[in-house]
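Please read it alongside the sequence and the coordinates.

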Amino acid sequence: MTNTDNFNEAFFYSIYPLGFCGALYANPNPGRHDFFTRNPPQNRLAAISDSWLDHICSLGANAVYFGPLFESTYHGYDTADYFWVDRRLGTNGDFARLVEKMHRRGIKVVVDGVFNHVGRNFWAFADVQKNGQNSPYKDWFYLDFSRNNHFNDGFCYRGWEGCLDLVQLNLQNPAVKQHLIDAALYWIENFKIDGIRFDVAYMIDRQFLAEISAACRRAKSDIWLLGEMIHGTYTEIANGAMLDSATNYECYKGLYSSLNDKNYFEIAYAFKRQSANGGIYQHLHLFNFADNHDVDRVASKIGKKAHLFPLYLMLFTMPGIPSVYYGSEFGIEGVKTGAKDENVRPAIDLAQISANPPVAGLAENIKRFAQIRKNTPALVNGNYEELLVKNEQFAYKRQLGDKCAIAVFNLNDNFAEITVPAHGANGTLHDQLGGKNYTVQNGMLTLQVPPNWGMVLTN
């Protein structure tokens, strides 16, 4: 058991703070803290109120992942200064007090670490803009002074995936690496955070990722480190030398598209590839999600709202760590328009949405699913085995020692009778959702699965 294994039991609630707190889209004067005298911080973090924290805890979540908090120009991923909370959200003290309040409630706090690139208002890049080749920070970036760019800086530079609003850092430069390591340690030591999510970890220099991970662990032995992996092999970064986990984009699509297409074979293939005996991530607890701040809300992706219930049941019974994006527990919709993400990052009135949720009963059932997972160790650490897969029905088993949990799903509008193998689960199994007991006969289990619903059977 490692120091971070307790995160395997986590249920994350994900918040994009600039949107959640209703911050202005543009920071009037992004940059170092001497600008505070002209544009003082506003404590919009107060929007994460006691009522919201009560709601988060009532769902069963025991960890919160915050999107970017660093001082930035627009969306948070264009950092202007790593050592200050964005003034649109509040002060460093405001966030420290929020973390303390969350810790008192037993909520762990994980923050975004945007360490691959910065915004054009980042103080070191501003110095290059002012002093050109005479800037002591010119080697912090990938610059070409023989050409110009459309900003008329007098030089060209490398942007994240070609986006010049996001200036790529030279992560092989010792001064850059030390600055970012110092920033990570500052957040660990001053805000008492419990973890860091490394933005665009799929493209971060691997040597730097190993160095900053080691530094974080020296500062806090049980710090939990997550990497954003949109593509690639997750174990390139989630391994003993670097991070603890990776965002599971491979299963993200299958969670909704297998339902839309009535093709459970899609998600079953991903589960088997990842988590079955001999699976490539069999011993890795991946970070699972149905949506997040970068993609359309799942309620807008799903073709049939009733299918949100078996979808979230799967999220809480599949291998890995579940995460719910704020507001999606109520079934709110949101679709990105072009490159703009504001539609999926809104401020939400908790009292209003609770009283009139777009999908009635979804939040209450997510709470049930989370409680079942919490009370069933096999759903946290158990091995994965596929039992049955059809277009509209799917069953798998999670086994931990002599304890097991069998998750069963039905996408049809009618009851489905299925028979699944139940070796290792002899005797009587109890359906945690329906309340009935079922007897294993000759190693087989025959079930009547309700329409657009599922079952979780435990011994």
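In this predicted model, F122 has a relative accessible area of 1% and is therefore buried. W123 is buried as well, because its relative accessible area of 15% falls under the 20% limit. The rings of F122 and W123 form a tilted aromatic pair, with 5.4 Å from centre to centre and 45 degrees between the planes. A second pair consists of Y249 and F289, whose planes stand at 70 degrees, over the limit of 60, so the pair counts as edge-to-face; the ring centres are 4.9 Å apart. Y249 belongs to helix α7 (residues 249-260) and F289 to strand β14 (residues 287-289), so that the pair links distant parts of the chain, 40 residues apart. Y249 and F289 are both buried. The count of aromatic pairs comes to 48.

| Arginine | Ring | Distance from ring centre |
|---|---|---|
| R297 | Y326 | 5.1 Å |
| R345 | Y16 | 4.2 Å |

Turning to the sheet, six strands make up an open arrangement in the order β16-β17-β18-β23-β20-β21, with antiparallel pairing. At the edges are β16 (383-389) and β21 (437-439), each of which pairs on one side only. On average, neighbouring strands of this sheet are turned by 25 degrees against each other, direction ignored. Six bridges join β18 (residues 403-410) to β23 (residues 453-458) in the antiparallel sense, and I406 stands opposite L457 in β23. Helix α10 (residues 308-315) lies across β17 (393-400), β18 and β23, and runs at about 30 degrees to β23.

Technical notes: Residues numbered from 1 in each chain as written. Predicted model: local features only at pLDDT ≥ 70, side-chain atom pairs only at ≥ 80, totals over all residues. Heavy atoms only, no water. Pairing = 2+ DSSP bridges. Helix = DSSP H or I, 4+ residues; strand = E, 2+ residues; numbered from the N terminus. Axes fitted to C-alpha atoms, helices over the stretch in contact; angles between N-to-C directions. Contact = heavy atoms within 4.5 Å. Phe/Tyr/Trp six-rings, centres within 6.5 Å; stacked < 30°, edge-to-face > 60°. Buried < 20%, exposed > 50% of the residue type's maximum accessible area, 1.4 Å probe, protein only. Lys NZ or Arg CZ within 6 Å of the ring centre and 35° of its normal.
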